[in-house]
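Please look over the sequence and the three-dimensional model shown here before reading on. The report after it is meant to be read with both in view.

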Amino acid sequence: MDRTEVLIVGQGIAGSMLAYELLKSGRKVRIMDDLSEKTSSKVAAGLYNPITGRHMVKTWLADEIFPNLGVHYEEMERDLGEKFHFPMTIYRPFFSITEQNDWMGKSESSEYSDLVLTVNTSSLGHEGFIDPYGGVQLQKCGYVDMIKLIHSFNLYFDSKGILIPQLFDFRILETDGELLKYGNLEFDLIVFCEGDRVINNPFWQHLSFRLVKGEVFTIDFSSDSNIILNRGVFMIPKDGFSTVGSTYDHKNLDWEPSERGINSIKEKLSKIFSGKYRILSKWAGIRPATFDRRPFIGFHKDDKRIGIFNGFGTKGVSLVPYFAKQFAKQITNGERMLSEVAIDR
Ligand SMILES: Cc1cc2nc3c(=O)[nH]c(=O)nc-3n(C[C@H](O)[C@H](O)[C@H](O)COP(=O)(O)OP(=O)(O)OC[C@H]3O[C@@H](n4cnc5c(N)ncnc54)[C@H](O)[C@@H]3O)c2cc1C
C-alpha cells in the first residue's frame, strides 16, 4: 500500500493551490486529475479586480484579500519558476459628468482611496477608447495567465512525483476502514476540487451549486499600455492581441461559444471601444458558482475525512489563494474557517 495524508481530486486553480499550501505546511499530498481540456481554469480570462458590479463596490473580503494577492502570486512564480501574474490598472470610462463627480468624492473616502489610482476628468486619448468624460483608474488589479499557471503547477507536482494523471472513479473509493483507500493508495483525507463536475459527485448532491456559462474571445488589437478597459465587458491587452469577455448564462450549460454570447460581448464592447478589430479565437466554459456566491469549503457531516474546496464562481483568481491558505491551516492545525463558506450554512 502507498500511504499519503491528503488525496486531492482536481488540479484546477483550487486543487493546485490547496495542494501547494498543504505541501508548504509539510503535509504528504497526492493530486489526481484526468487532464481534461474542459475546465474552468483552462478557459478563464484570469482577471482580478477589488471593485466590481454595476454599482462598483468593493467585492467580498476585498480588504483582506487584495493587499496580499500580488505577493502570493509572486511567491508562486518564484517557487514554480514561471511568470504568469501581470499586475495592471483597470480603466472604467465614465458615461456622464455625474459619474465623474461621484468618483471624485469616492476616491477621497478612506474606504476607496487605496484602490483608486486616479480619476481622469478628460479622455485618456488611447486609441479606440470611448471616454469623453474621462474615467477612473483602479489599482491592485491585473490578470493571471491561467493556462501557464495550471501548466506550471502540473510540472511542479509531476516533478515531486505526486501527480496521478487519471480519472477519479467513485466506485473504487473505499470508506469502511480506518483509512480511506483508492486502489493501492491509502490516505487520511480526500478533498474534492472538481470545478463544475462536482454536480456528478455523490457526496455533495445536497449543495446548491449554480453553474454559469461564460464566453470569451481574442481580438487582433492590443494597446501598448498596461491598462485593462472594463465596463460591462473587459479588454485585457496581451502580447499583440487582447482577450475580451464575458457573458453569464445559467441556462445553456455547454462548452461551445454561441453567436448570441459573442454578439452580446461585441455590443457591450462597442459602448467603450471604437477601434477596428478581427476576432481571432473564441471559447466558452462553465464556472462552478453557487447560489449565494460563496464557496463551499469543509468536510462532510457524515464522514469528516471527505472534504470539498469548490464554488469559486467568477472569482477563482482572487478567492482561491486566500482560502487555500485558510483551508490548509484548518487541515493542519484545526483553525476555524469563516462561517460564510461552511458547507452547512
Ligand atoms: C469563460 C470564463 C472566464 C472566466 N474568467 C475569470 C476571470 O477573469 N477571473 C476569475 O477570477 N475567474 C474567472 N473565471 C472563473 C474561474 O475559471 C473559476 O473560478 C476557477 O477556474 C475554478 O477553478 P476550479 O479549480 O474550482 O475548477 P476547474 O478549473 O474546473 O478544475 C477542476 C479540475 O478537476 C478535474 N476533475 C474533475 N472531476 C474529475 C475526476 N472525476 N477525476 C479527475 N479529475 C477531475 C478537472 O479536469 C479539472 O482539472 C472564468 C470562467 C470562465 C468559464
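## Basis of the report

This is a predicted model, in which local features need pLDDT of at least 70 and side-chain atom pairs count only at pLDDT 80 or more, while totals for chains, interfaces and linings use all residues. Residues are numbered from 1 along each chain as its sequence is written.

## Overall form

The protein has seven helices and 19 strands in its secondary structure, where helices (H or I, at least four residues) and strands (E, at least two) are DSSP runs numbered from the N terminus. Its radius of gyration is 21 Å, close to the 20 Å that the globule rule gives for 345 residues, so the protein is as compact as a globular protein of that length; the radius is taken over C-alpha atoms, and the rule is 2.2 Å times the number of residues to the power 0.38. Along the principal axes, the C-alpha atoms fill a box of roughly 70 × 45 × 40 Å.

Of the 345 residues, 40% are buried, a residue being buried if 20 or more other C-beta atoms lie within 10 Å of its own, exposed if 12 or fewer, and partly exposed in between, with C-beta atoms placed from the backbone. Among the contacts with a separation of 6 or more, 72% are between residues 24 or more positions apart; two residues are in contact if their C-beta atoms, placed from the backbone, lie within 7 Å.

## Domains and their contact

The domain assignment gives domain 1 (2–43 + 148–209 + 292–341), domain 2 (49–144) and domain 3 (213–287), with bounds that come from an automatic or database domain assignment. The centres of domain 1 and domain 2, taken over C-alpha atoms, are separated by 31 Å, and the contact takes 10 residues from domain 1 and nine residues from domain 2.

On the side of domain 1 that touches domain 2, α5 (146–159) and α7 each supply at least two residues, and α5 gives the most, with five residues. That side of domain 1 divides into seven nonpolar, two polar and one charged residue, where Ala, Val, Leu, Ile, Met, Phe, Trp, Tyr, Cys and Pro count as nonpolar, Asp, Glu, Lys and Arg as charged, and the others, Gly among them, as polar.

## The largest nonpolar core

The largest nonpolar core has 81 residues, and those with the most contacts inside it are Val6, Ile8, Leu18, Val191, Ile228, Leu229 and Val244. Helix α7 (residues 316–333) gives the most to this core, with eight residues. Such a core is a set of buried Ala, Val, Leu, Ile, Met, Phe, Trp, Tyr and Cys residues joined through C-beta atoms within 7 Å.

Leu229 is found in strand β14 and is buried, with 27 other C-beta atoms within 10 Å. Not counting residues up to four places away in sequence, Leu229 touches Tyr91, Phe129, Phe234, Met235, Ile272 and Phe273. Ile297, placed in strand β18 (residues 296–299), is also buried, with 25 other C-beta atoms within 10 Å. Leaving aside neighbours within four places in sequence, Ile297 is in contact with Ile308, Phe309, Phe323, Phe327, Met337 and Val341.

## Strand pairing around β6

Strand β6 (residues 85–93) pairs with strand β8 (residues 135–144) in the antiparallel sense over eight bridges, and in β8 the bridge partner of Arg92 is Val136. With strand β14 (residues 227–231), β6 pairs in the parallel sense over three bridges, and Ile90 stands opposite Ile228 in β14. Two strands count as paired if DSSP finds at least two bridges between them.

## Backbone details

Most residues other than glycine have a negative phi, and most peptide bonds are trans. Leu35, in the loop between β2 (29–32) and α2 (40–43), has a positive phi near 60° and counts as exposed, with 11 C-beta neighbours inside 10 Å. Leu61, in the loop between β5 (57–58) and α3 (62–80), has a positive phi near 65° and is partly exposed, with 17 other C-beta atoms within 10 Å.

A cis peptide bond, with omega about 10°, joins Gly245 and Ser246. Ser246 has its place in the loop between β16 (242–245) and α6 (259–269).
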